[in-house]
Amino acid sequence: MVKKLVIVGGVAGGASAAARARRLSEATEIVVLERGPYVSFANCGLPYHIGGEIVDRDALLLHTPESLRARFNIDARAQHEVTAIDRAAKTVTVQDHRTGREYIESYDALILAPGAAPIRPPLPGIDDPRVLTLRNIPDMDRMMAALDSGVRRVSVVGAGFIGLEMVEALRHRGLEVTLIERDPQILSPLDAEMTGSLVETLQAQQVKLHIGDGLAAVVPHQPLQLTLSSGARIETDLVVLAIGVRPENKLAQDAGLTLGVGGAIAVNAQQQTSDPAIYAVGDAVQVRHVVNDGLTILPLAGPANRQGRIAADAIFGRQSAYRGSQGTAICKLFEMTAGATGLNEKTLKATGMPYRKIYIHASDHAGYYPGAKQISIKLLFAEDTGRVLGAQAVGENGVDKRLDVLATAIQAQMMVDDLAEMELSYAPPYGAAKDPINIAGMAAQNLIAVLSSLIEPEELDAEIAAGAILIDLRQPEELCQGQIPGAQNLPLPQLRAQAPARLPKDVPLIVHCQVGLRGYIGQRILQQQGWSVRNLNGGFRTWKMMQAAREIVFV
């Protein structure tokens, strides 16, 4: 029987562990020690308060020590920092920052939920008070105060999910925004070509972009002067660092607990550390990826909540195990939504996993019902079995719905055949009789069955240079949307009649349309009549997305 459970840290993992523990045991004394002033808050909502979408600051405060006491009989202590763990004595040393008092707290079981800290690289001038990070409520309050002091220009360093959310929030406030990203693309959980429309959105919103050019130094003048790796200089009033987080592992390290990848705390499937009386959850722990079983760090709120629940289950004798993480994440960027789940193509290549990929561009609901918007989906699947390995989606509407279906497919180890056969909700305002998920599964089936023969957009230039003929199957009036250099226009309705006279059979052909469907039809027509022909994966739309990702306007 666990008489006393001590939890270090609140927010997602710690708070969910405490609530689950109380539901499992009314007799256990539960103590939550949180070094910050707020034991449970919605850290994912911070950018939206800054941008004005969430008007009431208190809406971000999910629980207080008083509410946790009243509802769960939990002793939650804010501004109480655990500074050391004595594993032999089963005690922790606690610093009460309100009074300065230091004391010892005993435990029968201990859960560590210290979270992760924003990365501040050791660059010249990085400690200037005008260089801010956003991780908690006090960070948000400092940023709001700075923004309300007459700031006009803000530079965001880092183009991940938080960085892009901050860009949107700052533009909503009417500020001039510069986005700086060291990597050659934004939103690295997605593959580069899937970010092309997001780049176009940023440019349309007048965000100044410095992509592929990292921050090198901060010169503490008035205004601040930033020096980039390229030597470029930027004047700005405020800097927001959003370049990632690192696990808060000092307590665990000092206590001699085993650490894993990236310094994260190593745990088993029950969230148990190398000390059987100590558990760890949330952003500070390493996880197993559900796709390739590799160890990694994926600091996300959903996994932290589930890990907290599982740790409490294990402590009170229930048979629970964490299945692993798959990195499902989504981001709103002005009118666009982008997200990913599972492994991206970069990771599949790096780990040597055989895979295939397809791109589809389909309407979020029936095209004949007003307001239909296009969703672009990239599906990655196993070369031999068709098991779904990863997916990315970008669009204005319905992205979250499709991404959640694909995340479920990955968790259940489904195949592309399962996607093709899924019976999903359909009415004209919500979907189509053949949902984008079905279309993605069917396109993958065709590829596996060798009914479809694809060429990737990144291979196009080399194939054309080697002598392949590129045929654009769109109607002439569609060409105003743009053309791939060197393509010959032969509309699909005329293909059967004109192909024998216009297309040599001793030269490889590449066909394309706007999004890939007519290209597939054209490829099947020509292939069955003796031509060597491949269809451009995802059509002109995918090619254009790749071009947009490459042709970033630097300022």
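I'll go through a sheet, a helix, a strand group around one asparagine, a loop serine and a cavity. Please keep in mind that this is a predicted model.

Strand 9, covering residues 109-112, pairs with strand 20 in the parallel sense over 3 bridges. Which residue of strand 20 is the bridge partner of L110? That partner is I278.

A quick stop at helix 6, then. This helix spans residues 196-204, and its buried residues include G196, S197, L198 and V199. T201 and L202 in helix 6 are buried too. Just after the helix comes Q206, and for those of you who check backbone torsions, Q206 takes a positive phi of about 65°.

Strand 29 runs over residues 469-472, and both of its faces are covered. I469 and I471 are buried on one side, while L470 and D472 are buried on the other. Strand 29 is joined to strand 31, residues 509-512, by 4 bridges, and the two run parallel. In that pairing, I471 stands opposite V511. Strand 29 also runs parallel to strand 30, this time with 2 bridges, and there D472 stands opposite N489.

So, N489. You will find N489 in strand 30, which covers residues 488-489. Is N489 buried or partly exposed? Its relative accessibility is 22%, and the cut-off for buried is under 20%, so N489 counts as partly exposed. The N489 side chain reaches the backbone oxygen of D472 at 3.0 Å. Leaving aside neighbours within four places in sequence, N489 is in contact with D472, R474, P476, L479 and R502. Take R474 from that set: R474 and N489 are 15 residues apart in sequence, and their C-alpha atoms are 7.1 Å apart in space.

Next, a loop residue. S320 belongs to the loop between helix 8, residues 301-315, and strand 23, residues 329-333. Why does S320 count as buried? Because its relative accessibility is 17%, and buried means under 20%. Not counting residues up to four places away in sequence, S320 touches A269, Q270, I310 and D313.

How many cavities of 30 Å³ or more does the structure hold? There is 1, and the largest cavity has a volume of about 50 Å³. Among the residues lining the largest cavity are G282, D283, V285 and V287, along with I297, L298, P299 and L300. P303, A304 and Q307 are also part of that lining. Helix 8 gives the largest share of this lining, with 3 residues.

That's my tour, and I'm happy to turn the model to any of these places if you'd like another look.

Key: Residues numbered from 1 in each chain as written. Predicted model: local features only at pLDDT ≥ 70, side-chain atom pairs only at ≥ 80, totals over all residues. Heavy atoms only, no water. Pairing = 2+ DSSP bridges. Buried < 20%, exposed > 50% of the residue type's maximum accessible area, 1.4 Å probe, protein only. Contact = heavy atoms within 4.5 Å. Polar contact = N/O pair within 3.5 Å; in protein donor to acceptor, adjacent residues only side chain to side chain. 1 Å grid on protein atoms, 1.4 Å probe; cavity = no way out; pocket = protein on both sides within 12 Å on 5 of 7 lines; lining within 4 Å. Points joined across faces, edges and corners; volume = space filled by probe spheres on them.
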